[in-house]
Amino acid sequence: MKKIFFVVFSLLLYNSCLADNLEEKLFQIQTEMEQIHYTYPETRQSAAFQPLMKKASALTSEYPSRAEPIILHAAIILTNAATENAFAALSSVKKARDLLMKAISIDPVAKQGSAYVTLGT
């Protein structure tokens, strides 16, 4: 009985640590996105968003069954699209749309349904 209790407790603790770790990573990436968007001159934003998009993509790969990193990745792509020329921006918007649709299929209420709001925008 003690072994079963220990295994169940360990699994619950492990899942809790994963959730905290994901939330921390999401917060760091979102903070960096906001810093770039609000403090960098527009001419430097696109270059600064490139490594951030790679981080968001890696986080999406690390947590493929979670909608939150996908939504954040799409938000970064869309924010960067505002700095791109029309043809590149169109491609970015389509990529973000596909990511948002994927996030909705995983969890439609993740981040209080922000995938729907972002998709509508």
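Analyst: Happy to! A salt bridge here means a side-chain nitrogen of Lys or Arg within 4 Å of a carboxyl oxygen of Asp or Glu. Before going on, note that this is a predicted model, where local features need pLDDT of at least 70, side-chain atom pairs count only at pLDDT 80 or more, and totals for chains, interfaces and linings use all residues. Residues are numbered from 1 along each chain as its sequence is written, and side-chain values use heavy atoms, with hydrogens and water left out.

User: How many salt bridges does the structure hold?

Analyst: There are four salt bridges. One of them joins Lys 25 and Glu 62, with the closest N and O atoms 2.8 Å apart. That pair links distant parts of the chain, since Lys 25 sits in helix α1 and Glu 62 in helix α2, 37 residues apart. Helices are DSSP runs (H or I, at least four residues), numbered from the N terminus.

User: And what does Lys 55 pair with?

Analyst: The side chain of Lys 55 meets that of Glu 32 in a salt bridge, 2.9 Å from N to O. Lys 55 lies in helix α2 and Glu 32 in helix α1, so this pair ties together parts that are 23 residues apart in sequence. Lys 55 is partly exposed at 41% relative accessibility, and Glu 32 is partly exposed at 24%.

User: New topic! Which residues have the most contacts inside the largest nonpolar core?

Analyst: They are Ile 29, Phe 49, Leu 52, Leu 59, Ile 71 and Ile 76, in a core of 26 residues. Such a core is a set of buried Ala, Val, Leu, Ile, Met, Phe, Trp, Tyr and Cys residues joined through side-chain atoms within 4.5 Å.

User: Which elements give two or more residues to it?

Analyst: Those are α1 (2-39), α2 (42-62), α3 (67-81) and α4 (86-106). The most comes from α3, with seven residues.

User: What does Ile 71 touch?

Analyst: Leaving aside residues up to four places away in sequence, Ile 71 touches Leu 100, Ala 103, Ala 110, Lys 111, Ser 114 and Ala 115. Contact means heavy atoms within 4.5 Å.

How values were computed. Buried means under 20% relative accessible area, exposed over 50%, partly exposed in between (1.4 Å probe, protein chains only).
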